[in-house]
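Here is a short report on helix packing and nonpolar cores. Look at the structure first, then read on.

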Amino acid sequence: MSASRLSALLKQNFGYDAFRPLQREIMESTLAGRDVVAILPTGAGKSLCFQLPALVREGVTLVVSPLIALMKDQVDALTASGVPATLLNSSVQGAEASRRRAGLVQGDYKLLYAAPERIMTEGFLRELREWNVTAIAVDEAHCISEWGHDFRPEYRQLAQLRQHLPGVAFLALTATATEQVRGDIVRQLRLEEPEVYLASFNRPNLSYTILPKDKATRQVYEFIRERPNDAGIVYVQSRKSAESIAAALCAEGISAVAYHAGLQPEERAANQEAFLRDEARVVCATIAFGMGINKPDVRFVIHADLPKNIEGYYQETGRAGRDGLPADCLLLFSRGDLVKNLKFLDEMTDAKAAEVAARQMRQMADYAEGTECRRASLLDYFGERWPGDNCGSCDICLQPREEWDATTQAQKLLSCLFRIKQKSGFATGLNHAIEVLTGANTEKVRKWYHDQLSTYGIGKDVSRTEWAMLGRQLMRLGLIEASQDNFQTVTVTRSGMAALMNRTPILLTRSPAVAAVSSSAAKVSRAGNLPCDEGLFGELRKLRKGLADAKGVPPYVVFGDISLREMARSYPQDERAFLAIPGVGRQKHADYGEAFLGAIGEWLAGNERQRFEAEKAPPPAPKMKSEGAMNGSALESLRAFQAGKSVVEVAKERDLSRGTVAQHLAMAIGSGDLKAEPRDFYTEEEERLIDAAAAEHGFERLGPLHEALGGAVTYDKLHVYRAFKQRK
């Protein structure tokens, strides 16, 4: 079992010359028998992290997957690349299921996909031992955590595999997880001292635009009309909206289908298949659609309604541009969506869950109303910092907000809130204060005699919408605060009172007026698509569609758009040049090489060859907050360690693994926040052993180092060792 074969197999089976960030390190750790948690953004190549090692190790890799569509999608793609893989679920019955089971006994497959419900049945568990399962990959691992945005209770049973398959390592993968969710994954799967790999959450090829919502169906249509050849997803909250927007698009000549849990299973599956096979250009869906969908050429994602949390929004936008080519993300924002979502929480019987959901919804609304770079704000939520001042591909950075002097209006609002509480002895909601400011004649205003306040009607010249936006900006500045209960009453803070008494100047930024999507969102990133001969690209897409239909698979299983664009840039004419195209492995060359080379030759016979500049290097990745600046959890571990507790004691006290605490301390050593010596962590003899192994294997990747030491030195000590070496 050698990790050295990984590069050769990467090219041979998948057609790529280089790994993406962290892929190789994750693979080497799993091949060394370590438990691993890998948090990689959508499109960063999570699946390859268990697919490629499966070809290297003996036995079968069991892949836990939540959806039948996802399993079939991945098995089709693996088969097309010459990788022996299969699935067992409710779609496979009778003689075909028996044939696949026999193949597993005989060692015909390297990967087996199954859902957690199927895996945990008694008969299936017994068969797993007969099939020589040597590794387990848990895809969409955030589903195991009740703190995640897509909790699935059946995932909680997977820890029982520890007893049924002792000694088999776990690889848990997800595209989005806060630190709380990551800890829950480790605990619920009972992972043993796992290596945790956390990639950048930045998706450099995605652009982000947020516009005021105004006649959403028309805005959605205008956006899609500007992109006549692109496929995309429109997310909505209700089944009715999914169907009505799909019908409106179809009426305008745009092929669209609806997808939601209320459809019959056959219709839902048919609509999804139509989208995957490029027969429908747009799918209008509730959040029931999309988890694990592997369609790489989704060029836009529209949220016509406000998502319920930032993690869900991040994962849903992440379904655009999985192939690395530019893609657009549009959110239509209305404060009314937040109010509507919060009202649904009144029906929840679990008060704790309702409180968490309400907090997440308000975080999402704050993001939508924010005036900072969308990319920087999104990354900040996941613990990263964007290194520059302008990302160059969001509406904030490309259309700077107008700054205005809000002192007078702020004084009026702060004074009104103060007078209301002074008069009545209790705080009210922001909407009631706005009614007082604008002179509304409501029952509540009369009942509490707020029409007698000096601030009654002094804000008639400003719309209620503008007052509400001002109030939310003052909240973000800390001048007023909202209660944490569902009543959301607002009061003036100490800072707000100081600003009121001192007439402190308050400068704010003004959000843009409602604009046509075609003019606003189009300004954000359509440039940067991989330049190629567009005429040839179109012909290759037609050829791909025909070959895919003949095999009964989605077009991207044959080749992704990036492979076709590379073909339409370099015009390969022989086997060697064709194999140099990204995504072309031996099996795909054997299956499709003749057809595509023929089409390219035929094109050149009647068209002039175009020339293209070399691709520019991608921008540098943003840094994690822990690089040069400790994040909150790491600081907590550091303080406990500095108080005299050992790594083991800190881990136990904080309910973390030793490896995680060691990584926190390694950050502190690297940043200079922890003044320590190697002897505080490992002995002189251990250092001598590590030095000898590092001289041969280096210390950048800990997997080979740990393997070379035969496990004599633990991973937590290796993390700290590497930090000391890097600091030098």
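A crossing of two helices is left-handed if the near helix is turned anticlockwise from the far one by less than a right angle, and right-handed if clockwise. Keep that in mind for this predicted model.

**Two helix pairs**

Two packed helices are described by the angle between their axes and the distance between the axes.

| Helix pair | Angle | Axis distance |
|---|---|---|
| Helix 2 (residues 23–31) and helix 3 (residues 48–56) | about 50 degrees | 9 Å |
| Helix 18 (residues 407–424) and helix 22 (residues 494–502) | about 120 degrees | 10 Å |

Helix 18 passes helix 22 in a left-handed crossing. Helix 18 contributes Gln-411, Leu-414, Ser-415 and Phe-418 to the contact, and helix 22 contributes Gly-496, Met-497, Ala-499 and Leu-500. By class, five of these residues are nonpolar, three are polar and none is charged.

Helix 2 and helix 3 pack at about 50 degrees, which makes helix 2 oblique to helix 3. Their crossing is right-handed. On the helix 2 side are Gln-23, Ile-26, Met-27, Thr-30 and Leu-31; they meet Leu-48, Cys-49, Leu-52, Pro-53 and Val-56 of helix 3. Eight residues of this contact are nonpolar, two are polar and none is charged.

**Nonpolar cores**

The largest nonpolar core has 78 residues. Which of them touch the most other members? They are Leu-112, Ile-119, Leu-128, Ile-136, Val-138, Leu-161 and Leu-189. Helix 15 (residues 351–369) gives this core its largest share, seven residues.

Take Leu-128. Beyond its neighbours within four places in sequence, Leu-128 is in contact with Leu-62, Leu-112, Ile-119, Val-133, Leu-161 and Leu-165. Another core, of 35 residues, lies apart from the largest one; its members include Leu-9, Leu-55, Val-63 and Leu-171.

Key
Residues numbered from 1 in each chain as written. Predicted model: local features only at pLDDT ≥ 70, side-chain atom pairs only at ≥ 80, totals over all residues. Heavy atoms only, no water. Axes fitted to C-alpha atoms, helices over the stretch in contact; angles between N-to-C directions. Helix = DSSP H or I, 4+ residues; strand = E, 2+ residues; numbered from the N terminus. Parallel < 35°, antiparallel > 145°, perpendicular 65-115°, else oblique. Contact = heavy atoms within 4.5 Å. Nonpolar A, V, L, I, M, F, W, Y, C, P; charged D, E, K, R; others polar. Core = buried A, V, L, I, M, F, W, Y, C linked by side-chain atoms within 4.5 Å. Buried < 20%, exposed > 50% of the residue type's maximum accessible area, 1.4 Å probe, protein only.
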